[in-house]
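Please keep the sequence and the structure open beside them and find each residue as it is named.

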Amino acid sequence: ETILVDLGMPQARFLIEIQLSDHYYKNGKDELKFHFAANKGGQFGELKKVASGGELSRIMLAIKKVMSESSQLPTIIFDEIDTGVSGEVSNKMASIMHQMSKNMQVITITHLPQIAAKGNQHYKVYKQELANTTVTNLKELTNDERIVEIAEMLSGKEISDSAMSHARELLN
């Protein structure tokens, strides 16, 4: 069966090799090996050895998307699944996560403004030093705070007018 998920790797190929083991595991006798070829004409290699961080992120999202369509999960959490990607790929990943959110709750921890802008709610996680300890805080952002946070994700602590404009554009 062929399932297409567009993640900006049009020539990539993914292969799962299934072999029967001589002994039983807790889930059966099958041994799975994941193989990947990123480019046209490229040779398959073991996924964990040949895929870059960004490729692994995209493959993982594609697998999670396909799995979510056949399961009844109420919630899925992505913790920096966008590692190693940027630009148009992050836009595609954001669209896939947004599409998934129509059937389940999607919680995404990200540093990418394109992905943060797709959410219905936006929370900022930050640390604060109090006396001799560090406390982690979570704050739901208002629309105005969200614009500033996304602008900061785009340009750093010194927020430019163009970053503010781009943040507003991403949110619309």
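Predicted model: local features only at pLDDT ≥ 70, side-chain atom pairs only at ≥ 80, totals over all residues.

1. Is G42 buried, partly exposed or exposed? With a relative accessibility of 26%, G42 counts as partly exposed, because that class covers values between the 20% below which a residue is buried and the 50% above which it is exposed. G42 and I159 are 117 residues apart in sequence, and their C-alpha atoms are 43 Å apart in space.

2. How many aromatic pairs does the count give? The count comes to one aromatic pair, and this pair is formed by F14 and F34, whose ring centres are 5.9 Å apart and whose planes make an angle of 35°. The pair is described as tilted, because planes under 30 degrees apart would count as stacked and those over 60 as edge-to-face. The pair links distant parts of the chain, with F14 in strand β1 (residues 13–25) and F34 in strand β2 (residues 28–37), 20 residues apart. As for accessibility, F14 is partly exposed at 35%, and F34 is likewise partly exposed, with a relative accessible area of 33%.

3. E80 is not a glycine, yet its phi is positive, at about 55°; E80 is found in the loop between β4 (75–79) and α3 (87–100), and its relative accessibility of 32% makes it partly exposed. A131, also a residue other than glycine, has a positive phi near 55°. A131 lies in the loop between β6 (123–130) and β7 (133–140) and is exposed, with a relative accessible area of 84%.

4. Strand β4 contains I77, which counts as exposed at 57% relative accessibility. How far apart in space are I77 and I107? Although 30 residues separate I77 and I107 in sequence, their C-alpha atoms are 4.7 Å apart in space.

5. The last point concerns helices, and two packed helices are described by the angle between their axes and the distance between the axes. The axes of α5 (residues 143–155) and α6 (residues 161–171) come within 8 Å of each other and cross at roughly 115°, and this crossing is right-handed. On the α5 side, the residues in contact are R146, I147, V148, I150, A151, L154 and S155, and they meet A163, M164, H166, A167, R168, L170 and L171 in α6. The residues of this contact divide into 10 nonpolar, two polar and two charged.

Definitions and conventions:
Residues numbered from 1 in each chain as written. Heavy atoms only, no water. Axes fitted to C-alpha atoms, helices over the stretch in contact; angles between N-to-C directions. Helix = DSSP H or I, 4+ residues; strand = E, 2+ residues; numbered from the N terminus. Left-handed = near helix turned anticlockwise from the far one by under 90°. Contact = heavy atoms within 4.5 Å. Nonpolar A, V, L, I, M, F, W, Y, C, P; charged D, E, K, R; others polar. Phe/Tyr/Trp six-rings, centres within 6.5 Å; stacked < 30°, edge-to-face > 60°. Buried < 20%, exposed > 50% of the residue type's maximum accessible area, 1.4 Å probe, protein only.
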